[in-house]
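Let's walk through this structure together, one feature at a time. Keep the viewer open as you read.

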Amino acid sequence: MPRLLLLALALLLVPTTLQAQDVGGSPTYGDLQLEEGFQPDPNSTSLTAGGSIEVNKGACTYGFVAEAPDVDLYYSTSGDSPLYIYVESEGDVTLLVSKPDASWVCDDDSFGNSDPILVIPNAPDGLYNIWIGTYGDEMQSATLHVSEIDPR
């Protein structure tokens with residue numbers, strides 16, 4: 001019986017909260033409010049990529065990001081335009097996005113030169129939480145771009 005009691009006490013001392021991406025957190029680099037046909041296109045935001053939380057959202061299991069989003073994108077559209085979310089950096093960065101339907105999408109190197117891009121055809125109205133990650137704990141300077149025009 002004392003062993004069972006010790007085990008129960010030990011379990012109470014184990015932290016039960018795991019750090020994860022917080023879609024309700026205040027974005028580190030602010031909000032973008034873009035309406036279909038926005039100018040200038042692309043819209044660009046300079047930031048520092050990375051964080052201490054390992055990504056683990058369904059098929060998105062690479063990179064380290066902060067708990068709060070880097071940017072919250074509020075996109076108003078009729079749903080006819082594609083949305084291109086991409087990042088340029090001198091380092092190897094990743095991209096993680098929570099879409100308005102609460103699904104997660106991510107990319108690593110599809111834009112080339114270790115830069116990510118996500119293409120969302122017929123992008124729906126709503127909030128896109130955006131994180132830019134790195135590999136390991138080294139932070140990287142990066143530029144987030146949002147466009148309705150294919151940059152490739």
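Which residues form a disulfide, and how far apart are their sulfur atoms? Cys60 and Cys106 do, with their sulfur atoms 2.2 Å apart; a disulfide here is a pair of cysteine sulfur atoms within 2.5 Å. Searching the whole structure turns up one disulfide. Cys60 sits in the loop between strand 3 (53–54) and strand 4 (64–65), while Cys106 belongs to strand 8 (residues 104–107), so the pair ties together parts that are 46 residues apart in sequence. The link of Cys60 and Cys106 is left-handed, with -100 degrees about the S-S bond. Cys60 is buried at 4% relative accessibility, and Cys106 is buried at 18%. Buried means under 20% relative accessible area, exposed over 50%, and partly exposed in between, with a 1.4 Å probe and protein chains only.

Before going on, please keep in mind that this is a predicted model, in which local features need pLDDT of at least 70, side-chain atom pairs count only at pLDDT 80 or more, and totals for chains, interfaces and linings use all residues. Residues are numbered from 1 along each chain as its sequence is written, and side-chain values use heavy atoms, leaving out hydrogens and water.

Four strands make up an open sheet in the order 2-11-6-9, with antiparallel pairing. Strand 2 (43–49) and strand 9 (117–120) stand at the edges with a single partner strand each, so one side of each has no neighbour in the sheet. From one strand to the next, the twist averages 15 degrees. Strand 6 (residues 83–89) pairs with strand 9 in the antiparallel sense over four bridges; two strands pair if DSSP finds at least two bridges between them. Strands are DSSP runs (E, at least two residues), numbered from the N terminus. If you look at Tyr84, you will find Val119 of strand 9 opposite.

Now turn to Thr134, which is found in strand 10 (residues 126–134). Thr134 is buried, at a relative accessible area of 1%. Beyond its neighbours within four places in sequence, Thr134 is in contact (heavy atoms within 4.5 Å) with several residues, among them Ala49, Phe64, Asp92 and Gln140. A polar atom of the Thr134 side chain lies 3.2 Å from the backbone oxygen of Glu138.

Finally, where is the salt bridge? The side chains of Asp150 and Arg152 meet in one, at 2.9 Å from N to O. The term requires a side-chain nitrogen of Lys or Arg within 4 Å of a carboxyl oxygen of Asp or Glu. Asp150 is partly exposed at 33%, whereas Arg152 is exposed at 57%.

Key
A polar contact is a pair of N or O atoms within 3.5 Å; within protein, one must be able to donate a hydrogen and the other to accept it, and residues adjacent in sequence count only if both atoms are side-chain atoms. Axes are lines fitted to C-alpha atoms, for helices over the stretch in contact, and angles run from 0 to 180 degrees between N-to-C directions.
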